[in-house]
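These are my notebook entries on a structure that I looked up one topic at a time. The sequence and the structure come before the entries.

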Amino acid sequence: MDIQVRVWRQAGPSDKGKMVTYDVKDISPDASFLEMLDVLNENLILSGDEPVAFDHDCREGICGACGMMINGVAHGPEKATTTCQLHMRHFNDGDTIDVEPWRAAPFPVIKDLVVNRGAFDRIIQAGGYITAPTGTAPEAHSTPVPKPDADLAFEAATCIGCGACVAACPNGSSMLFTAAKVAHLGLMPQGQPERATRVVDMLEAQDDAGFGGCTNMGECTTVCPKGIPLTLIGRLNADYRKSVRGN
Amino acid sequence: MPKVQGKRRPRGVRSSIALKILMAVTGLLLVGFLYVHMIGNLKIFFGAETFDHYAHWLRTIGTPLLPQDWYLWIQRAVLTFAVIGHITAAVILARRAGKARPVKYAHRPKVQGSYAARTMRWGGVIVLLFIIYHILDLTTGTLNPNGKPGEVYANVAADFAPSRWYVTLFYTLSIVAVGFHLRHGLWSAARTLGQQRPHGEKIARAVALVLSVVLVVGYLSVPFAVLIGLVD
């Protein structure tokens with residue numbers, strides 16, 4: 001299939017950047033979106049141009065490295081799918097596809113489609129950990145966890161920190177990310193000692209990084225490649241309120 | 001949960017969730033007032049004497065413990081503070097949201113959120129402008145064609161007379177804007193105050209929709225009753 005891509009090209013953090021159109025011909029419908037960009041880059045290199053920079057690592061949908069706005073939707077049109085797992089068969093021959101980096105002040109563009117997601121690391125550093133001694137895995141029955149709690153904690157823990165929630169949010173908010181981390185640790189017995197400080201510290205780090213606030217639009221959960229539920233933000237809000245009030 | 005100690009406390013009311021909680025609480029207070037106000041409005045269907053008597057009674061609430069009109073002024077003060085708190089939090093959060101996305105997307109389809117959710121900010125501005133007009137119209141009587149204190153029934157009837165269709169139109173649009181604002185706002189407030197179960201979300205959304213529709217119908221029944229001559 002032959003397609004046209006309009007890609008954001010930005011040489012560096014201080015460059016102004018613009019959308020540039022390229023033709024990509026003879027792409028297999030079974031190619032992934034990133035493989036299509038690989039083909040584009042091979043062509044660009046052959047013609048002496050700078051290839052399009054984009055983040056990627058596992059290409060299995062589990063690392064959270066890849067991610068771009070495809071026709072204005074984070075990770076493209078398929079639900080619960082990362083960009084690397086999106087295939088060209090979901091597009092039509094002759095389509096023009098717009099590709100842009102995540103747009104958020106806390107995620108400055110480094111080059112082309114690559115953004116600095118260090119702000120997420122700072123939120124994690126503020127409280128996304130437990131201080132229980134670790135080591136080898138303990139006997140599973142020594143600390144019982146109710147099944148519904150374990151399931152919800154696992155659902156929250158599937159967050160890969162790709163940043164799609166921020167990119168999609170009309171407010172540029174990372175509330176779904178922070179909520180997932182707070183729920184994932186706060187539902188486990190090992191996460192209880194820091195439960196009250198964690199939510200306050202992580203939220204403060206989020207506000208400091210310059211993310212917006214949540215208005216419960218639900219855009220984040222719609223594009224989330226892991227389908228992190230919006231209900232976790234309610235849990236975050238409740239935990240925050242209880243922490244600050246101290247009960 | 002253990003209390004958050006000293007320096008770990010957030011910067012008070014400036015954290016984004018604290019601002020959201022302020023919006024939720026003030027919003028719910030204002031919705032409570034809207035419902036009481038709506039019930040009062042519906043007394044117009046019991047005739048001029050009942051309606052005017054009800055309006056006069058509002059001034060005597062709390063007497064003889066409080067002097068005449070005091071309760072009304074206390075309520076006005078509380079509502080004004082609620083409105084100011086609600087708007088202040090909204091402006092701070094909207095500015096933060098604007099700063100969080102300095103570069104816009106070149107290609108951006110409509111946001112998935114409902115029409116109500118997408119129009120919260122501008123809808124809020126319409127509601128504020130309406131409140132200002134409404135106070136000048138039916139509280140102070142400045143913009144009312146009859147505008148006589150105590151003649152509440154006559155003031156309302158004169159206000160929505162068929163020849164002043166533009167007033168009725170603006171009133172209708174404003175009330176519908178309130179309805180949309182509450183449809184997302186009520187549910188959003190529940191979520192902000194900690195609603196977190198999928199089943200509860202369905203209930204909260206349904207309750208928000210029903211309360212919004214009832215409110216819109218209740219408020220619009222008055223001008224349309226005047227328009228069709230049921231109240232004159």
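Entry 1, a helix pair in chain B. I began with α1(B) and α3(B), and I recorded their crossing as left-handed. I note here that the model is predicted. The residues that α1(B) brings to this contact are S16(B), L19(B), L22(B), M23(B), T26(B), G27(B), L29(B), L30(B) and F33(B). From α3(B) I listed L79(B), A82(B), V83(B), G85(B), H86(B), A89(B), A90(B), I92(B), L93(B) and R96(B). Sorted by class, the contact of α1(B) with α3(B) holds 13 nonpolar, five polar and one charged residues. I then looked up the geometry: the axes of α1 (residues 16-42) and α3 (residues 70-100) of chain B come within 9 Å and cross at roughly 145 degrees.

I located H37(B) in helix α1 of chain B. Is H37(B) buried or exposed? I counted 12 C-beta neighbours inside 10 Å, and therefore H37(B) is classed as exposed; the cut-off for that class is 12 or fewer. I also checked H37(B) against R164(B): the two lie 127 residues apart in sequence, and their C-alpha atoms are 23 Å apart in space.

I turned to helix α5 (residues 120-139) and helix α7 (residues 165-192) of chain B, whose axes are 9 Å apart and which pack at an angle of about 135 degrees. Because of that angle, α5(B) is oblique to α7(B). The crossing in which α5(B) passes α7(B) is left-handed. On the α5(B) side I found M120(B), G123(B), G124(B), I126(B), V127(B) and F130(B). They meet S174(B), A177(B), V178(B), F180(B), H181(B), H184(B) and G185(B) of α7(B). I sorted the contact of α5(B) with α7(B) into seven nonpolar and six polar residues, with no charged residues.

How many helices and strands does chain B have? I recorded eight helices and zero strands, and the pattern along the sequence reads α-α-α-α-α-α-α-α. The C-alpha trace of chain B spans about 60 × 50 × 35 Å along its principal axes. Of the 232 residues in chain B, 28% are buried. I also looked up the contacts in chain B between residues at least 6 apart in sequence, and 67% of them join residues at least 24 apart.

The domain assignment divides chain A into domain 1 (3-100) and domain 2 (117-245). I noted 29 Å between the centres of domain 1 and domain 2 of chain A, taken over C-alpha atoms. Their contact takes twelve residues from domain 1 of chain A and eleven residues from domain 2 of chain A. The side of domain 1 of chain A that touches domain 2 of chain A has six nonpolar and six polar residues, and no charged residues.

I found 46 residues of chain A in contact with 40 residues of chain B. Which elements of chain A give two or more residues to the side that touches chain B? I listed β5 (96-100), α6 (195-209), α7 (219-223) and α8 (231-245) of chain A. The most comes from α8(A), with eleven residues. By class, the side of chain A that touches chain B has 16 nonpolar, 19 polar and eleven charged residues.

How values were computed
Residues are numbered from 1 along each chain as its sequence is written. Chains are lettered from A and ligands numbered from 1 in the order in which they are written. This is a predicted model: local features need pLDDT of at least 70, side-chain atom pairs count only at pLDDT 80 or more; totals for chains, interfaces and linings use all residues. Two residues are in contact if their C-beta atoms, placed from the backbone, lie within 7 Å. Helices (H or I, at least four residues) and strands (E, at least two) are DSSP runs, numbered from the N terminus. Ala, Val, Leu, Ile, Met, Phe, Trp, Tyr, Cys and Pro count as nonpolar, Asp, Glu, Lys and Arg as charged, and the others, Gly among them, as polar. Domain bounds come from an automatic or database domain assignment. Axes are lines fitted to C-alpha atoms, for helices over the stretch in contact, and angles run from 0 to 180 degrees between N-to-C directions. Angles under 35 degrees count as roughly parallel, over 145 as roughly antiparallel, 65 to 115 as roughly perpendicular and the rest as oblique. A crossing is left-handed if the near helix is turned anticlockwise from the far one by less than a right angle, and right-handed if clockwise. A residue is buried if 20 or more other C-beta atoms lie within 10 Å of its own, exposed if 12 or fewer, and partly exposed in between; C-beta atoms are placed from the backbone.
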